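I wanted to get my bearings in a structure that was new to me.

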Amino acid sequence: MTTLTHLECSRCGARHDARAPQNLCPCGGPLLARYDLATARESWNRDWIPNGPSSMWRYAPVLPVSKPQAIVSLGEGMTPLVRAQRLGERLGAAQLWIKDDGVNPTGSFKARGLSCAISMAVELGVRKVAIPSAGNAAGALAAYAAAAGLEAHIFLPRDVPQANYIECKASGARVTLVDGLISDCARIVSERAARDGWYDVSTLKEPYRIEGKKTMGYELAEHFRWTLPDAVFYPTGGGVGLIGMWKAFAEMEELGWTVGRRPKMIAVQMEGCQPVVRAFERGDEHCELWEDAWTVASGLRVPKPLGDTLILRALRESGGTALAVSDEAALEAGLELAAWEGIFAAPEGAACVVALRRLLASGFLKPEERIVIYNTGAGLKYLEAYSTRFPRQAGGEQDKLGGLITPR
Ligand SMILES: Cc1ncc(COP(=O)(O)O)c(C=O)c1O
């Protein structure tokens with residue numbers, strides 16, 4: 001099973017015990033799981049991986065759980081890598097793939113992180129968990145907590161997509177709608193966690209969600225037969241998937257599984273909330289709080305990511321970039337992706353198509369490069385956003401071309 005040794009502060013380097021529930025380091029830095037990769041290198045062979053489960057748990061030696069019976073899995077990970085030939089031809093990208101994480105349990109990539117976090121909560125004897133969320137993480141937490149029999153307390157912005165609210169309620173979580181953003185929800189959770197005996201599983205305050213998300217990087221390498229693509233587009237809110245993939249690439253090098261250049265990491269944000277883009281362009285190491293954040297890509301409405309330094313470092317080390325797109329363009333691209341590839345993506349994933357078009361036009365990316373877009377969620381979870389594109393008029397049906405059929 002695991003080769004986990006300890007937790008290490010990403011800011012001050014302090015070592016923390018991985019056998020007890022942990023949140024941030026006293027210095028305020030997020031903790032990262034560290035493994036005995038030398039032992040893993042000797043005792044584990046990448047050629048054995050296909051014999052493991054067809055879920056992210058096939059990478060168990062570099063995941064934190066030590067007791068197999070603690071694993072709470074709904075079949076997350078090992079999502080399809082779809083060769084987007086038709087869209088690629090339209091955009092002028094000869095080698096384009098969509099990694100479709102919208103097919104995960106609960107319809108988003110958040111399943112990876114929450115499967116790992118809840119499994120560790122079970123292993124460490126936690127009974128009550130709490131989360132502030134933009135929506136999809138809450139849906140995943142509710143499902144995995146239900147599967148594990150844990151009590152889940154969820155805090156969401158009041159205008160969260162309806163699908164997220166309903167999935168949390170359906171799974172029996174205790175849901176509070178907050179007049180504010182995810183940052184306001186986070187404040188409430190941190191104020192109440194100690195008093196109410198909740199374990200806070202907020203992004204990066206809990207050290208194992210990122211471990212689940214790093215499997216996105218392992219899977220890319222496995223799909224590409226232990227090489228890596230030239231560029232990975234990632235819709236960035238809290239940035240955990242991006243930091244996680246970067247960690248996976250470093251671990252795989254230490255395992256001797258991949259060599260050569262890592263992909264350029266491209267953070268895609270929305271015009272209505274782009275703290276990472278602003279910090280990247282200014283050459284800053286931290287993000288400033290983005291005031292009055294709003295976007296239909298609700299998962300990207302994170303006004304100040306806790307892992308800002310780690311995100312910005314990964315972007316710069318990789319030779320990547322960060323750019324923001326409009327809601328309008330993202331929804332349009334969502335329909336283009338659905339019409340040309342049959343993938344109905346969350347606006348977060350669709351935003352990456354807009355960003356790709358821009359980076360090909362500017363010459364930042366070359367037409368022959370191997371490019372992956374991470375679609376992080378299912379379009380079906382965003383029906384309010386997409387229905388603005390297909391208004392239905394009262395009293396009549398629409399024909400296939402969108403024209404109104406007058407009722408007889
Ligand atoms: C569909 C979707 N994409 C992307 C993100 C951003 O994820 P991360 O926090 O890893 O940047 C979220 C977060 O809620 C999301 O729900």
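Before sorting any lining by class, I noted the rule: Ala, Val, Leu, Ile, Met, Phe, Trp, Tyr, Cys and Pro count as nonpolar, Asp, Glu, Lys and Arg count as charged, and the others, Gly among them, count as polar. I also reminded myself that this is a predicted model.

**Entry: second largest pocket**

The lining of the second largest pocket comes to 10 nonpolar, one polar and seven charged residues. Its volume is about 330 Å³. Of the 18 lining residues, I found Leu32, Arg34, Trp246, Lys247 and Ala250 closest to the centre.

Which element gives the largest share of this lining? I got α8, with six residues. Alongside α8 (240–254), the elements β1 (4–9), β3 (31–35) and α10 (308–318) each supply at least two residues.

**Entry: largest pocket**

Next I looked up the largest pocket, which has a volume of about 660 Å³. It is lined by 41 residues, and those closest to its centre are Ile182, Thr203, Gly238, Val302 and Pro305.

By class, I counted 18 nonpolar, 16 polar and seven charged residues in this lining. The largest share is five residues, and α6 provides it. I listed α4 (136–148), α6 (182–196), α7 (209–223) and β10 as elements that each supply at least two lining residues.

**Entry: the ligand**

Where does the ligand sit? The space it takes is the largest pocket. For the shell around the ligand, β10 (231–235) and α8 (240–254) are the elements that give two or more residues.

The shell has 17 residues, and Asn136, Tyr234, Gly237, Gly239 and Thr376 come nearest to the ligand. Sorted by the rule above, the shell holds six nonpolar, eight polar and three charged residues.

**Entry: contacts with ligand oxygens**

- Gly239 uses its backbone, with an N or O atom 2.5 Å from a ligand oxygen atom.
- Gly237 also has a backbone N or O atom by a ligand oxygen atom, at 2.7 Å.

How much of the ligand does the protein cover? I noted 97% of the 400 Å² of accessible area that the ligand has on its own.

Technical notes: Residues are numbered from 1 along each chain as its sequence is written. This is a predicted model: local features need pLDDT of at least 70, side-chain atom pairs count only at pLDDT 80 or more; totals for chains, interfaces and linings use all residues. Side-chain values use heavy atoms; hydrogens and water are left out. A residue is near a molecule or strand if one of its heavy atoms lies within 4 Å of it. A polar contact is a pair of N or O atoms within 3.5 Å; within protein, one must be able to donate a hydrogen and the other to accept it, and residues adjacent in sequence count only if both atoms are side-chain atoms. Accessible areas come from the Shrake-Rupley method with a 1.4 Å probe; for residues, only the protein chains shown count as cover. On a 1 Å grid over the protein atoms alone, a cavity is a set of points where a 1.4 Å probe fits but cannot get out, and a pocket is an open set with protein on both sides within 12 Å along at least five of seven lines; lining residues have an atom within 4 Å of a point. A molecule sits in a cavity or pocket if more than half of its atoms lie within 2 Å of its grid points. Helices (H or I, at least four residues) and strands (E, at least two) are DSSP runs, numbered from the N terminus. Grid points are joined across faces, edges and corners, and a volume is the space filled by probe spheres set on the points.
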